[in-house]
Amino acid sequence: MTVTTPDALLAPHDVQHAGADESAAQIRKPRDNKDPRNANRGGGNGKPRRDKRDVHGWVVLDKPIGMTSTQAVAVLKRLFSAKRAGHAGTLDPLASGGLPIAMGEATKTVPFVMDGRKRYRFTVAWGEERDTDDTEGRAVATSPDRPTAEAIRALLPRFTGVIEQVPPQYSAVKIQGERAYDLARDGEVVPLVPRPVEIHELTLVEHGDDGRSVFEAECGKGTYVRALARDMGRLLGCYGHICALRRTVVGPFDESDMIPLEELQALCDRAASGEGSLADALLPVETALDDIPALAVTRADAARLHRGQAVLLRGRDAPHCSGTVYVTVAGRLLALAEVGNGELIPKRVFNLTGLTASSAVRKESI
């Protein structure tokens, strides 16, 4: 059996290549930054150049339909004038919902979010399979049949637990160094190898008379929701493809953490006029470490960890745990470290100088 998920609707990245017939004016060498004519100019568009700054924390964007994940990161970097930013798991342009974006030192915690649980609400249109497994593709198989709610519910256990899933032809999976979606765009049909993915939960929440069904799924890393629709449609004998997808949970972040782009832009405008702060949109870096124990240390031990040196753990206050912990000093995040053999060994040290979340929710120290 094969299946796919939401990390999702993983669509091809939009890449624009310069044409060979560009005019000399379009491709002329830009002025040197030292040229006085560039003073107070930004990128040649006449707008003032904004200095980049250190921004640390998470913004959970409620990504609108039509925007790529890469575009979303670029927009937030500009709004915050941030030096560094990256997202924690691609969300397809046709999908909406939670796209966690890490700023600054939060980028060091991205793997903890990407490895976390993900929940999706998605709609399957029955009667047609498409080559992209979503509404953007062309139909490759059709059927006049439509499944009953009973038939769908009877099928769901086959898509729950650890299953073998074949990624969509239009996916970011690499085949001999090339992305599957690039090969598919060139008309190549390549065999994709099934791989194990885990579906923790798959529920039919709505079944209409319009030939569409609404599902909710909780799944692990690497699952494609588009493949779920494709494979369910094949087994039901009626075909199907995704026509709507929304990500509602990513790791520790849920819909209550999401901020629409319009609200972020409005907050940015208020901050520029001195009526607010963009820090209000940030969640603390350690929010991504929700499932990891916190360990408080003294300032002396903190100084050693900051220099990359291990700290001996001894006495009655030594933690009774092993493995990864996040370390705090005076309530402030300091490092990710490993506890073992009576030592605390720093792995990633954080430097949170700059703009950070205006308030932090911290776990009790162990």
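Mentor: Two strands count as paired if DSSP finds at least two bridges between them. Helices (H or I, at least four residues) and strands (E, at least two) are DSSP runs, numbered from the N terminus. This is a predicted model, in which local features need pLDDT of at least 70 and side-chain atom pairs count only at pLDDT 80 or more, while totals for chains, interfaces and linings use all residues. Residues are numbered from 1 along each chain as its sequence is written, and side-chain values use heavy atoms, with hydrogens and water left out.

The open sheet has five strands, ordered S14-S16-S17-S18-S15, with mixed pairing. Its edges are strand S14 (294–296) and strand S15 (311–312); each has a single partner strand, so one side of each is left without a neighbour in the sheet. Within it, Leu312 has Glu343 of S18 as its bridge partner. Helix H8 (residues 299–306) packs on the sheet and touches S15, strand S16 (323–329), strand S17 (332–340) and S18, where contact means heavy atoms within 4.5 Å. The direction of H8 makes about 55 degrees with that of S18; axes are lines fitted to C-alpha atoms, for helices over the stretch in contact, and angles run from 0 to 180 degrees between N-to-C directions.

For a view elsewhere in the model, take Ser69, which is found in helix H2 (residues 69–80). Ser69 is buried, at a relative accessible area of 4%; buried means under 20%, exposed over 50% and partly exposed in between (1.4 Å probe, protein chains only). Leaving out residues up to four places away in sequence, Ser69 touches His87, Thr90, Leu91 and Leu99.
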